[in-house]
Amino acid sequence: MTATFLEHVNVTVSEPQKMADLLVDLFGWRIRWQGEGKGGGQSIHVGNDDSYVVAYSQGGQMKAPDRYRTPGGLNHIGVVVEDLDVVESKVKAAGYTPFNHGDYEPGRRFYFDGPDNIEIEVVSYA
């Protein structure tokens with residue numbers, strides 16, 4: 001049997017480069033690929049060798065859904081890190097506000113709203 005894993009998540013954003021830069025800065029990821037996306041939009045794949053987030057945009061005006069009340073909406077992106085405190089400092093330095101801190105099994109975590117109000121959960125199991 002072949003092992004399975006989640007390879008990527010594709011998220012529509014207003015500024016792909018802004019989202020990609022944030023993910024590189026916070027998590028030490030790299031841009032794996034960038035170029036023209038579906039429908040003439042722009043895609044930036046940012047992550048590591050095993051998985052990545054696609055920051056995608058067709059440009060123009062977009063309306064954000066109420067994420068926890070819209071079927072098919074993205075609730076949040078969860079990222080595992082070794083040192084939660086270091087990443088939280090980076091989040092604050094980038095101008096974002098951490099909230100909803102939790103310390104319960106199986107780990108410690110916090111959330112923040114990134115570009116386009118995309119919620120990101122940062123968790124550590126260390």
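Biologist: Is Glu119 buried or exposed?

Modeller: Buried means under 20% relative accessible area, exposed over 50%, and partly exposed in between, with a 1.4 Å probe and protein chains only. Glu119 has a relative accessible area of 6%, so it counts as buried.

Biologist: Which side chain does Glu119 join through a polar contact?

Modeller: A polar contact is a pair of N or O atoms within 3.5 Å; within protein, one must be able to donate a hydrogen and the other to accept it, and residues adjacent in sequence count only if both atoms are side-chain atoms. Here the side chain of Glu119 is paired with that of His76 at 3.4 Å.

Biologist: Which residues touch the most other members of the largest nonpolar core?

Modeller: A nonpolar core is a set of buried Ala, Val, Leu, Ile, Met, Phe, Trp, Tyr and Cys residues joined through side-chain atoms within 4.5 Å. In this core of 25 residues, they are Leu23, Phe27, Phe112 and Val122. At least two core residues come from each of several elements, including α2 (84-93), β7 (107-113) and β8 (119-124). Helix α1 gives the largest share, six residues.

Biologist: What does Val122 touch?

Modeller: Contact means heavy atoms within 4.5 Å. Leaving aside residues up to four places away in sequence, Val122 touches several residues, among them Phe27, Val79, Leu84 and Phe112.

Biologist: How many helices and strands does the protein have?

Modeller: There are two helices and eight strands, and their order along the sequence is β-α-β-β-β-β-α-β-β-β. Of the 126 residues, 38% count as buried.

Biologist: Where is confidence lowest, and where highest?

Modeller: The predictor's confidence in each residue is its pLDDT, from 0 to 100. The protein averages 91, and 91% of its residues score at least 70. Strand β1 (residues 8-12) is lowest, at a mean of 93, and α2 is highest, at 98. Where pLDDT is low, predicted coordinates should not be read in detail.

Notes: Residues are numbered from 1 along each chain as its sequence is written. This is a predicted model: local features need pLDDT of at least 70, side-chain atom pairs count only at pLDDT 80 or more; totals for chains, interfaces and linings use all residues. Side-chain values use heavy atoms; hydrogens and water are left out. Helices (H or I, at least four residues) and strands (E, at least two) are DSSP runs, numbered from the N terminus.
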